[in-house]
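I opened the notebook to record what I looked up in this model. The entries follow the order in which I worked.

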Amino acid sequence: MSTAVKADNLEKRYGTKKEVTHALKGVSFEVERGELFGIIGPDGAGKTSLFRILTTLLVPEGGQAQVDGYDVVEDYREIRKRVGYMPGRFSLYQDLTVEENLKFFATIFHTTVGENYDLIKDIYEQIEPFKDRKAGKLSGGMKQKLALSCALIHRPSVLFLDEPTTGVDAVSRKEFWEMLRKLKEQGITILVSTPYMDEASLCDRVALIQTGEIMSINTPEGIIRDFENPLVAVKADNMFRLLKDLQSFPGLFDSYAFGEYHHAVLQKENQQQELQAYLQEQQHESLELQQIKPDVEDCFIALMKTDS
Amino acid sequence: MGIDKEKVITANQLTKRFGDFTAVDAISFEVEKGEIFGFLGANGAGKTTAIRMLSGLSIPSDGEATVAGFDVYRQTEQIKRSIGYMSQKFSLYEDLTVRENIRFFAGIYGMSDQFIKDNTARLLHQLRLKEEENKLVKSLPLGWKQKLAFSVAIFHEPEIVFLDEPTGGVDPVTRREFWTMIYEAAESGITVFVTTHYMDEAEYCNRVSIMVDGRIDALDTPKNLKQQYEVGSMEDVFIKLARKATRAD
Amino acid sequence: MKQFISFVRKEFYHIFRDPRTMFILLGMPVILVVIFGFALTNEVKNADIAVFDQSKDEATSSLIAELQASRYFNIEKRLRSYQEVEEEFKKGNIKMAVVLPPNFGSDLLHLHNAQVQLIADASDPNVANTLTNYAAAVILDFQDRITDGRNLPYTITTQFRMLYNPQLKGAYSFVPGVMAMVLMLVCTMMTAITIVREKETGTMEVLLVSPVQPMKIVTAKAVPYLLLSLINIATILMLSYFVLDVPINGSLTLLVLQSILFTVTSLALGLLISAITDSQQTAMFISLTGMFLPALMLSGFMFPIENMPTILQLLSHLVPAKWYYIIVRSVMIKGVGMEAVWKETLILSGMLLFFLFMSIKKFKIRLA
């Protein structure tokens with residue numbers, strides 16, 4: 001396998017001399033060819049700056065990066081021929097129809113819709129019944145499919161998707177990730193950014209990013225393996241009081257709400273019994289405790305807290 | 001929750017049509033005082049239209065509804081005074097300072113100077129924003145902005161607060177701090193009406209409704225919903241229901 | 001080339017599908033011409049005038065009677081001195097004064113040459129111009145009648161004196177002015193806005209991350225506006241020629257070529273604005289206050305530049321519309337050729353090169 005994307009100590013600063021925002025503080029990673037790589041972090045973590053540097057839209061203040069072996073600053077023309085890019089906002093012409101959008105993007109990439117139709121077939125077929133509809137009148141999920149088709153029309157070697165699922169409902173998100181898996185099978189390298197931690201498990205490898213720094217790079221399983229402390233899911237009738245009581249348990253490393261349960265990160269193994277006894281003492285009704293495997297969100301929280 | 005609990009929102013066959021398109025199709029539900037009510041739905045299911053009717057911004061085409069005891073047809077001004085509103089898109093003025101934002105929004109709701117003074121100090125302390133009070137809002141990290149926006153939305157002690165995707169894009173730690181604030185508000189008697197795309201957050205709600213194609217297809221506690229649809233998580237409940245959706249936004 | 005055509009086609013889709021853009025592009029020129037046209041052709045009836053008859057003979061009383069009989073004039077006052085003439089104007093009682101010098105009748109009879117002086121309030125140049133034209137016509141009629149159609153060498157020389165606005169701007173001058181304004185609006189403002197809109201919606205990001213050369217993107221965006229401008233030039237010229245009876249005295253080819261030069265200059269200016277702004281609002285603001293208003297105020301179309309303070313006169317040299325205005329007025333109204341406007345043409349070409357150079361220099365191949 002060879003390297004498709006390489007970032008080396010990238011730095012990006014915005015603002016004036018007086019007030020400088022560090023969007024990226026030395027970000028390094030490598031993406032192998034054919035990999036589905038996730039950049040996972042909240043808004044303001046630096047995801048968009050990173051993507052814009054890699055797609056030659058911004059010049060970094062420090063460090064360097066290559067895409068397909070080409071330097072993002074020096075060889076920007078080469079890179080622009082090779083990559084597909086879907087920015088965070090829907091980057092379609094709202095007043096052009098589905099078909100007009102697709103044809104337009106095909107032409108500017110010196111290709112035709114027919115030439116690479118096999119690549120977009122699965123995706124485009126879903127929106128083809130609406131091909132005469134203006135892009136502005138499509139649903140969020142359909143717009144997303146069209147934008148993806150447009151980004152793929154020239155069979156890019158690397159595909160950059162900046163927050164493609166933000167603000168999209170759970171069903172459309174699921175469908176979108178299914179499409180990405182299929183594209184990966186066709187050998188396209190995909191970099192995707194997302195604020196949704198649960199999407200990490202769908203990537204081959206992920207980089208967890210927060211305030212311009214990468215906290216961890218690994219496979220989703222690897223990230224979870226790195227979570228050292230025992231984790232217990234707790235539930236009771238009064239969840240709000242439960243959380244407060246958890247926080248006063250002496251053997252606790254951290255605790256937080258996690259969907260139906262609260263998660264309690266313990267300092268040592270074998271503290272579960274102790275915790276149970278402690279909570280029963282506080283007279284919680286229908287108390288349930290079970291040791292669980294952490295997921296990426298638990299890891300992200302732990303990394304955020306050890307960092308600060 | 002007992003039967004005699006005060007109903008803060010009641011909707012009966014509430015409908016909104018735009019031309020021959022029925023955005024909200026005869027929805028009926030009730031929300032109790034102090035409840036955290038999750039209002040879920042796929043993109044385009046009609047959530048935004050429903051919230052606009054309940055917050056007095058849009059007159060329904062049909063059906064009835066009261067919010068804080070006021071009628072959504074005739075008493076929209078009273079409704080607006082008894083609710084707070086916060087959305088992901090607009091909540092605070094980026095080019096005003098933290099203090100100026102609080103002052104401005106409190107002023108809109110006619111709070112007295114003394115009230116504003118006392119409560120601003122308390123709020124800045126709670127949010128640990130004392131140091132930042134004279135900074136422009138745009139210089140704050142997103143998570144802080146959202147927490148501040150929520151505090152501003154409930155500053156005038158409304159009966160109900162409408163939160164439209166308040167935690168979109170916020171980091172997981174701040175997201176939980178935000179929900180702690182929601183819990184505290186609910187404890188103090190403020191009813192919380194919240195939409196979200198994070199399905200784990202649906203679990204934090206006392207009750208959840210799921211809109212599909214303009215109708216409320218499910219409404220119960222997260223626990224009952226999971227039982228009813230025989231799945232393990234709210235995400236699966238949501239996906240099961242929303243897959244049936246035929247229309248888009 | 002295929003790329004380029006595809007771009008231009010897309011641009012036309014944008015224009016044709018947005019009613020507001022269509023209106024500004026095609027409706028606005030017509031409306032402007034019609035509005036200004038009405039202001040011009042507004043016929044004057046029963047205007048109050050005064051007569052200062054210093055001769056009081058048969059000839060003058062019969063001329064005065066003719067004036068009174070015409071439906072254009074109403075003789076409000078008979079005056080006895082030049083002072084009174086000025087007073088009446090200052091009070092605003094009259095729009096025009098007819099001054100008949102002493103010995104009008106005998107001059108006409110014996111010297112075969114008499115003079116009439118028409119003094120008009122040219123603060124409203126259109127009215128002043130119309131009134132003096134009517135009066136001159138009445139006087140000519142009168143002359144024809146007393147010579148009885150015979151070809152006798154009697155002549156009445158009519159002297160015009162325009163008060164307050166000696167150059168008599170206004171008549172016909174609006175057509176060149178409207179052309180300058182419309183081309184500014186279409187080329188500078190609309191081009192700047194349409195490019196900046198792509199930055200705002202995010203499509204520019206995708207275009208930049210494509211093999212298309214960035215300069216090609218913007219030139220492709222300018223082409224439709226150039227074509228539409230040509231349509232506009234044609235519409236305005238036809239409207240003024242056929243509906244408003246404004247003559248085209250000079251060479252039509254020269255006029256069109258000059259208009260294309262100005263169009264391209266405005267486009268280059270639009271490109272420059274789009275290169276330095278990131279929001280449609282800013283682009284609109286800069287186009288309106290920085291370009292459109294100066295074109296209106298400092299081109300000489302609304303207000304005579306000669307009467308402005310020196311600083312504004314100097315500033316007016318920087319306004320491209322001023323030079324275009326001079327060219328069009330010279331070619332269209334005065335009917336002169338290239339030999340009379342080469343200097344202005346050269347200045348405009350210089351500006352074009354400057355704007356092009358600057359916009360290429362400022363153009364960003366990246367986002368920041």
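**Entry 1: the model.** I noted before anything else that this is a predicted model.

**Entry 2: chain B by itself.** I looked up the secondary structure of chain B and found 9 helices and 10 strands. I then asked what box the C-alpha atoms of chain B fill. Along the principal axes, I read roughly 50 × 40 × 40 Å. For the radius of gyration of chain B I got 18 Å; a compact globule of 249 residues would have a value near 18 Å, so the two agree. I checked burial next: 46% of the 249 residues in chain B are buried. I also looked at contacts in chain B with a separation of 6 or more, and 68% of them are between residues 24 or more positions apart.

**Entry 3: which chains touch.** I found 2 pairs of chains in contact, and chains A and B share the most contacts.

**Entry 4: chain B against chain A.** I counted 28 residues from chain B and 28 residues from chain A in this contact. Which helices of chain B each supply at least two residues of the side that touches chain A? I listed α6 (172-187), α7 (199-203) and α9 (234-242) of chain B. The largest share of that side, 6 residues, comes from α6(B). Sorting the side of chain B that touches chain A by class, I got 15 nonpolar, 5 polar and 8 charged residues.

**Entry 5: nonpolar cores.** The largest nonpolar core has 230 residues. I noted the residues with the most contacts inside this core: I190(A), V161(B), V192(B), F193(B) and A180(C). Helix α7 (residues 174-201) of chain C gives the most to the core, with 18 residues. I also found a second, separate core of 29 residues, which includes A59(C), V99(C), A120(C) and Y134(C).

**Entry 6: around V192(B).** Leaving out residues up to four places away in sequence, I listed what V192(B) touches: I36(B), F37(B), V161(B), L163(B), I182(B), A185(B) and A186(B).

**Entry 7: chain C.** I looked up the domains of chain C and found domain 1 (2-40 + 169-362) and domain 2 (47-156). The C-alpha centres of these domains of chain C lie 45 Å apart.

Methods: Residues numbered from 1 in each chain as written. Chains lettered and ligands numbered in written order. Predicted model: local features only at pLDDT ≥ 70, side-chain atom pairs only at ≥ 80, totals over all residues. Helix = DSSP H or I, 4+ residues; strand = E, 2+ residues; numbered from the N terminus. Rg over C-alpha atoms; globule rule 2.2 N^0.38 Å. Buried ≥ 20, exposed ≤ 12 C-beta atoms within 10 Å, placed from the backbone. Contact = placed C-beta atoms within 7 Å. Nonpolar A, V, L, I, M, F, W, Y, C, P; charged D, E, K, R; others polar. Core = buried A, V, L, I, M, F, W, Y, C linked by C-beta atoms within 7 Å. Domains from an automatic or database assignment.
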